[in-house]
Amino acid sequence: MTQSNRARYAAVVAVTAFLLAGAGTAQAQQIEQLIDLEKQVAQAGAQSQANVDKIADETDRLLQEYRTVMTQIDNIKVYNAQLQDLVKAQGTERQSLATQIENVSAVEREIVPLMQRMIGTLEQFVNLDVPFLSQERQDRVQSLRTLMARADVSTSEKYRRLMEAYQIENEYGRTIEAYDGPLEQDGRVRQVSFLRFGRVLLAYQTLDGKEQGMWDQRQRQWVVLPESYRGAIRQGLAVARRQAAPDLIVLPVPAPEAAQ
């Protein structure tokens, strides 16, 4: 019961008490009925107020839920906008990758014939070069040809191996090396020690040290050197094998040829 209803009820009770004091029995009964009716009205008003309060609380709760839902909707809109930008960026990236793949395919169609020509050039160079490590170098060229025919090896790996072979050939031009191997000369094959100074000089000495010679690139053949070079070649072999300290070595060096 609200405060106004309580005050009203108290006033009615006071008036009723006053009237009852001076009224008869019939009138008293009517007054009591009025009092009961007023009580019912007051109770109904209290119930109505309780219902109003309940509806107000429910309205507040629904309003809060509405605000929460609206906040979530705003967040979802922002998130969706971000996703749309991301999808758009991914579409652009996908198109870029597709273009790159097409370009790679075009480059691959061009680079494979180029690598074949490079292998042919390398093979020709080895055949025309000073004949050091001939078998090893020819095997390297052959392995490149075999590699080119393999479908399980990527083009990039084939290119890397080809560049590696070219780099090895390039290194030969600035190194000194000594190794043992077969020498075919005048229809016979002998085991000798080879001495290589870059691509400038390729000499040999028999294992017993009795004969020495060098490769004549102009004549494309081996020539025997005088005994006076025996000690120099022996010393050069020791230096190349790191068995002796570097020192001045006098050996016949072919004159440079004019570029063609």
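Is Glu 169 buried or exposed? Glu 169 counts as buried, at 6% relative accessibility. The points below start from the overall model and work back to this residue.

1. Model and confidence. This is a predicted model. The mean pLDDT of the protein chain is 84. Of its residues, 86% reach 70 or more. Confidence is lowest in helix α1, residues 3–22, where the mean is 53. Helix α3, residues 134–148, has the highest confidence, at 96.

2. Fold outline. The protein chain has 5 helices and 5 strands. Their order along the sequence is α-α-α-α-β-β-β-β-β-α. Take contacts between residues at least 6 apart in sequence: 46% of them join residues at least 24 apart.

3. Burial and surface. The protein chain has 260 residues, and 25% of them count as buried.

4. Nonpolar patch. Leu 63, Tyr 66, Val 69, Met 70 and Ile 73 form a nonpolar patch on the surface. Together they have about 420 Å² of accessible area. One of these residues, Met 70, lies in helix α2, which covers residues 25–128. Met 70 has 32% relative accessibility, so it counts as partly exposed. Patch members need over 30% relative accessible area, and Met 70 is at 32%.

5. Gln 185. This residue is in strand β1, residues 176–185. Gln 185 is buried, because its relative accessible area is 9% and the cut-off for burial is under 20%. Its side chain makes a polar contact with the side chain of Arg 190, at 2.7 Å. What else is Gln 185 in contact with, leaving aside its neighbours within four places in sequence? Besides Arg 190, the list holds Tyr 204, Glu 211, Trp 222 and Val 224.

6. Salt bridges around Arg 137. The whole structure holds 17 salt bridges. In one of them, the side chains of Arg 137 and Asp 129 meet at 2.8 Å, N to O. Arg 137 is buried, with a relative accessible area of 1%. Asp 129 is buried as well, at 8% relative accessibility. Arg 137 also forms a salt bridge with Glu 169, and the closest N and O atoms are 2.8 Å apart. That pair links distant parts of the chain. Arg 137 sits in helix α3, Glu 169 in helix α4 (residues 155–172), and 32 residues separate them.

7. Glu 169 and Arg 199. Glu 169 has another salt-bridge partner. The side chains of Arg 199 and Glu 169 meet at 2.7 Å, N to O. This pair, too, links distant parts of the chain, 30 residues apart. Arg 199 is in the loop between β2 (188–197) and β3 (201–206), while Glu 169 is in helix α4. Where does Arg 199 fall on the accessibility scale? Arg 199 is partly exposed, because its relative accessible area is 24%.

8. Network. Which residues do salt bridges that share partners join into one network? They are Asp 129, Glu 136, Arg 137, Arg 140, Glu 169 and Arg 199.

Technical notes
Residues are numbered from 1 along each chain as its sequence is written. This is a predicted model: local features need pLDDT of at least 70, side-chain atom pairs count only at pLDDT 80 or more; totals for chains, interfaces and linings use all residues. Side-chain values use heavy atoms; hydrogens and water are left out. Helices (H or I, at least four residues) and strands (E, at least two) are DSSP runs, numbered from the N terminus. Buried means under 20% relative accessible area, exposed over 50%, partly exposed in between (1.4 Å probe, protein chains only). Contact means heavy atoms within 4.5 Å. Patches are made of residues with over 30% relative accessible area and no salt bridge: like charges are joined within 9 Å, nonpolar side chains (Val, Leu, Ile, Met, Phe, Trp, Tyr) within 5 Å. Accessible areas come from the Shrake-Rupley method with a 1.4 Å probe; for residues, only the protein chains shown count as cover. A salt bridge is a side-chain nitrogen of Lys or Arg within 4 Å of a carboxyl oxygen of Asp or Glu. A polar contact is a pair of N or O atoms within 3.5 Å; within protein, one must be able to donate a hydrogen and the other to accept it, and residues adjacent in sequence count only if both atoms are side-chain atoms. pLDDT is the predictor's confidence in each residue, from 0 to 100.
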